[in-house]
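Subject: Handing over the structure

Dear colleague,

Here is the structure that I promised to pass on to you. Please open it first, and then read the notes below beside it.

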Amino acid sequence: FEVFPPKKWEDFPGLYETLDELKGLHPEFISCTYGAGGSNSKKTAEIASHIENELGIRSIAHLTCAALTEDKLLSTIENFKNAGIHSVLALRGDKPFDMSEEDFANRQYKHPSEIIPILKKAGFRVAAACYPEKHEESPNAEQDLLWLKRKVETGADYAVTQLFYDNNRYFSFVKRAREAGITVPIIPGIKPFSKLSQLTMVPKTFKVDLPDELAREALKCKTDEEARALGTEWCIHQCRELMAGGVPSLHFSTGG
Ligand code: FAD
């Protein structure tokens, strides 16, 4: 599962209740997101530590490098280690709202492949993100795969995909990755729709397509309940097919 830090510290107990429920499902791991600008890095460490040390489940702390300086990276590594965290998902992150275009262009770490060796040296197991439907900034799918390859060559132990709704996109991506010599496990990202607005928002936000069958059914939904029922049904169908296809694990986004 993937969880994200609440905006307010007062909302932590609610998240911890949810985590207790998720524990009952015996997940292999629970990851916690990290703000693009690093503003909630303490919250990420706190939650990942809770997952690891209080719940006894492997946690993965996300870490974005768009706004990282060397000092901030080293202090975050220290915080993560002190919190008993062993695994990190190394990301670039998008430009933080409060960062100028110029500062973003001149950022210290241009790509996650520059922080992956540092994280590996510090003793973390490291994951990287990948995009079955290609990252929006990439000119084409081949180039996109080369950037994943670079992350693996610099030490990523496995990859976690962007969410998708069309399993064919995942299976063909994995095939192309294998042909390109990328041998690490590639964990599929899943996000079941839970309300009506997500049927249009999620594909737009994450730049992913809905397969025709799902898009047709989505058009018929008029209420949150209908959208949620469709989302759950599609999610089950997707997961069954992915598991039959031999995926290493399933990574569910729990947000909203
Ligand atoms: P990269 O690997 O740098 O880039 C992604 C793509 O951009 C590459 O595949 C490539 O196609 C292209 N690219 C990169 N560099 C170049 C270059 N020099 N020239 C040409 N093309 C290039 N964001 C958060 O803020 N916090 C999170 O916790 C978070 N968790 C995520 C978890 C997962 C599983 C995924 C898939 C994404 C997550 N994101 C998160 C979003 C992520 O930060 C954005 O998608 C970001 O735009 C790219 O990050 P990346 O690490 O994939 O970057």
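How much space lies in the second largest pocket? About 290 Å³ lies there, where a pocket is an open set of points on a 1 Å grid over the protein atoms alone, at which a 1.4 Å probe fits, with protein on both sides within 12 Å along at least five of seven lines, and a volume is the space filled by probe spheres set on the points, which are joined across faces, edges and corners.

Please keep in mind that this is a predicted model, in which local features need pLDDT of at least 70 and side-chain atom pairs count only at pLDDT 80 or more, while totals for chains, interfaces and linings use all residues. Residues are numbered from 1 along each chain as its sequence is written, and side-chain values use heavy atoms, with hydrogens and water left out.

The lining of the second largest pocket consists of 13 residues (those with an atom within 4 Å of a point), and Pro 192, Phe 193, Ser 194, Arg 228 and Thr 232 lie nearest its centre.

Polar contacts are pairs of N or O atoms within 3.5 Å, and oxygen atoms of the ligand lie 2.5 Å from a side-chain N or O atom of Asp 94, 2.6 Å from a polar side-chain atom of Lys 151 and 2.8 Å from one of His 135. The protein buries 83% of the 950 Å² that the ligand exposes when taken alone, with accessible areas taken from the Shrake-Rupley method with a 1.4 Å probe.

Finally, a search of the whole structure finds six aromatic pairs, meaning rings of Phe, Tyr and Trp (its six-membered ring) whose centres lie within 6.5 Å, with planes under 30 degrees apart counted as stacked, over 60 as edge-to-face and the rest as tilted. The rings of Phe 12 and Tyr 16 have centres 5.8 Å apart and planes at 80°, so this pair is edge-to-face.

Best wishes

Note on methods:
A polar contact is a pair of N or O atoms within 3.5 Å; within protein, one must be able to donate a hydrogen and the other to accept it, and residues adjacent in sequence count only if both atoms are side-chain atoms.
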